[in-house]
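My notes follow the structure.

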Amino acid sequence: MDELLDILRKNARTSTKDIAKMIRSTPAEVAARIEEYERVGTIRGYRALVNEDHLKEDRVTAVIEVKVQPEKEGGFDRIAKRISAFDEVVNMYLMSGKYDLLLFVEGKTLRAVASFVSERLSTIDGVLSTGTHFMLKTYKLDGVLMDMDKVDDRLQVSP
Amino acid sequence: MNGKSRVAAHVKALPFSGIRKFFDIVAQRKDVISFGVGEPDFDSPRAVRDVAMDSLERGETHYTSNRGDPALRKAISRYVARQFGATYNPDTEILVTVGVSEAIDIALRAVTNPGDEVIYHEPCFVSYRPTIIMAGGTPVCVETRREDQFRLTRAMLEKAVTPKTRVLMLNFPCNPTGAILLKKDVEDISDFCVKHDLLLLTDEIYAELTYDSKHFSFIAVPGMKERTIFLHGMSKAWAMTGFRIGYACAPAEISENLMKLHQYAIMSAPTTGQMAAAEALDHGDAAVAEMRAEYNRRRNYLIAAFAEMGIPCHTPAGAFYAFPYIGDLGISAEDFAMRFLEEKGVAVVPGDAFGACGAGFLRCAYATSMDNIREGMKRMAEFVAEIRAEKKSG
């Protein structure tokens, strides 16, 4: 993978100046390459990794397995695009295995998510069945442990 | 006692490591950003730790064969062959040790007769000189220089060799300078060893951590395997310092005698560590590559940061140390390190802890997080500016 992307994936707030030092480039060159990635859509955005368990506000996330009837023209794409357009759906993937689509759905309350599933999702033509699992706690998000990093307990000076 | 020390005179005469003194001072402070740590900041790869835990789960808590677990010795043989291009017999030519430190100790004791001269290079790892002395040898130091990127050349060695020279002891990639040897250097020095009929003791513990070119080992040079004790271990590239596993590859006669010393002093290397090491050697390449990529970014950052400060620093091509020169600031490395710690809370190690010719240099280990490196270099830039201002006004 491009080193630049690797660095941004680990910390998107790394400045162009710092990245330039890390990959022996110039800030202007780095900025230009990032801009190009943004232009062609390889980089689709930047956001904070928030540990939701730290927040007081109520929020419910459900993982929903959806079986759909593929269509002769376009397979899963038309229905998948339609489902992914819902604001409630935050992540969505086409899967191999016992179901077809995997959705991560967010709502303020359990009731809100339940009504999204029963009234809006399962009523779509072509949706054959859904299986809903509610998330209880986040241990790791996008490769980052939600527990704070352990302290560096190495000897402070060693040969 | 008659006021006499009960400690043997030759041990008493041995100086403490220069790094030890600094360690005690740093240990008294909290929240230090440390560039003084000579070990990886990464934890050992997950799969390696799992294998160690499984081994404990199975109750593998006993001695292994003195030479080391046979499966590990086979893994070492495979790894050394594919990585460094020399084949060693796991039954007669490979010995598993407690880190490379033990291997250095028993190797020097096994091959040094009283008064034999051992050539080594400074700045170097802190144990080299004392270990030569404890083995009854006479240490002969060759100083490497910034102008040569701290590489060792044949010409330097030719000046140091005498009829009493028996062993040449090397460590490239080098702690503390980060220097490497190029293929040509390795071939020239190999020629030198053959010409003077020397035994080569080569500590290549940082072999996997080179950034601009692939490491070229002495054992890859035809004719060198027969006169070489090749030392390597798991601590650095696999981030397994705490497992304490190193190894020595040597011709059977030497290996057998290394084994004798190892067997009387140690019995066998830690069993859990040996199981973990076999996993790392067979399946650890990807983890090593990932850590190397991260070290490389940090290295590049440091070099750029020193350049911005106007601090001369050769490009360290291996290990995880930068060795910048602060001699032009009008302050000794030791005073720099003490004041930098006091005033800015950042620890670096004075270069002379690694030999007198390290005076004026600092060892900055980049085995620490990018955040620490960024903040540490910011504070160093401030500190260097303050020192320059003092010099100007003073």
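**Confidence**

I began with chain B, which averages a pLDDT of 96, and 99% of its residues score at least 70. I kept in mind that this is a predicted model. For the model I noted an ipTM of 0.83 and a pTM of 0.92.

**Helix α5 of chain A**

Next I looked up helix α5 of chain A, residues 110–121. I noted 12 residues and a reach of 15 Å from the first C-alpha to the last. That is close to the 16 Å expected at 1.5 Å a residue.

Which residues of α5(A) are buried? I listed Val113(A), Phe116(A), Val117(A) and Leu121(A). They cover an arc of only 90° around the axis, so they sit on the same side of α5(A).

I then checked what the buried residues of α5(A) pack against. In chain A I found β1 (60–68), α4 (77–84), β3 (101–107) and β4 (127–134).

I turned to the face of α5(A) that points away from the buried side. There I noted the exposed residues Arg111(A), Ser118(A) and Glu119(A).

**Contact between the chains**

How many residues does the contact take from chain B and from chain A? I wrote down 23 from chain B and 12 from chain A. On the side of chain B that touches chain A, α2 (18–27) and α11 (285–309) of chain B each supply at least two residues. I sorted that side of chain B by class and got 14 nonpolar, five polar and four charged residues.

Note on methods:
Residues numbered from 1 in each chain as written. Chains lettered and ligands numbered in written order. Predicted model: local features only at pLDDT ≥ 70, side-chain atom pairs only at ≥ 80, totals over all residues. Contact = placed C-beta atoms within 7 Å. Helix = DSSP H or I, 4+ residues; strand = E, 2+ residues; numbered from the N terminus. Nonpolar A, V, L, I, M, F, W, Y, C, P; charged D, E, K, R; others polar. Expected span 1.5 Å × (residues − 1). Buried ≥ 20, exposed ≤ 12 C-beta atoms within 10 Å, placed from the backbone. Arc of directions from axis to C-beta. pLDDT = per-residue confidence, 0-100.
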